[in-house]
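Trainee: I am new to this structure. Please show me how to read it.

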Amino acid sequence: MRRAIGWWEGHQVPLYLVAMLAGAAAGLGAPGLAPALEASINPVLALLLFATFLGIPLTEVGKGFRDARFLLTVTATNFLAVPLIVFGLSRFVAGDRGLLLGVLLVLLTPCVDYVIVFTGLAGGARARLLAATPLLMLLQMALLPLYLLLFAGGEAIAVIDVGPFLEAFLVLIVIPLAAAAAVQALGRRHRAGTAVEGIMAGAMVPLMMATLAVVIGSQVAAVGGQAGQLARLVPLYAAFLVLAVALGLVAGRLARLDAPARRAAAFSTATRNSLVVLPLALALPEPLALAPLAVVTQTLVELIGMVVLVRLMPVLVPGGDPVAKR
């Protein structure tokens, strides 16, 4: 089992690239599969997060609640510094209302789900990032209307609905975390719990591959249909990734965080809550139909960036575990 897990982890980056290409091929070759693939995103992602949470001792999560320096760092970067970057980048599409709202919705909301997985793969402090999740979720729900008002005008806040945020937090965080806690508790008394932990440890990389494939496969055809208009967003999203990673690394150094925490801060600053805000964008009226495609385009750019960053982060921030192990 350990040898098999080691093989998956040792080849994870090329395997993720293969999964992304397979998803793109399926989405472009059979566009009719998109609804089924989209419906499978949350179940597959919930399984991935369940496997991730199983590898995090809950005592570490408890300690994360008491790490005020880390919590302050990710809060300040995501809700004070990142909006300044987003405002500057969004001016390049300010003339197109649909693109503007899509860009603002996705870039103003920090990720609270698969960021934990990527952070762990890069040897980051995933337990501390998990502990920060409720705070990040609550603050983005409270502050997103304010930033939309400032950056896009009063009518923009009409798109805000707390429903998708609450549903995502329940399905992708609360339920997988509770299930992982139950299995960990079982594992302390029965071999069955330990067996489940071993199986899910071996499934981590395949589950990440499945997540990448279904997300890309479900959206790539829609994006391809508007490629001409959406292409202008790619350099903006790429620039955001570079600037946000740099911001997270600098903030982590200024806060004197250890290496795993600096990696976690950089991932938190760079990854966005696209799968949660997509329903908000889809609810917009027809004249703003480009908004959800702008959100999806960010997802595609970000996933490619995350696969690269998993390998690059231990070089940018040496120290600690070079690759996340269980």
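Mentor: Start with contact, which means heavy atoms within 4.5 Å. In this chain, residues 24 or more positions apart account for 86% of the contacts with a separation of 6 or more. This is a predicted model: local features need pLDDT of at least 70, side-chain atom pairs count only at pLDDT 80 or more, and totals for chains, interfaces and linings use all residues. Residues are numbered from 1 along each chain as its sequence is written, and side-chain values use heavy atoms, leaving out hydrogens and water.

Trainee: How many helices and strands does the chain have?

Mentor: Both are DSSP runs, numbered from the N terminus: helices are H or I with at least four residues, strands E with at least two. Here there are 16 helices and 0 strands.

Trainee: What share of the residues is buried?

Mentor: Buried means under 20% relative accessible area, with a 1.4 Å probe and protein chains only. Of the 326 residues in the chain, 55% are buried.

Trainee: Where is Gln 140 found?

Mentor: Gln 140 sits in helix α9, residues 126–152. Its relative accessible area is 1%, so Gln 140 is buried.

Trainee: Which residues does Gln 140 touch?

Mentor: Leave out residues up to four places away in sequence; Gln 140 then touches Phe 79, Thr 109, Pro 110, Val 112, Pro 145, Phe 165 and Asn 273.

Methods: Buried means under 20% relative accessible area, exposed over 50%, partly exposed in between (1.4 Å probe, protein chains only).
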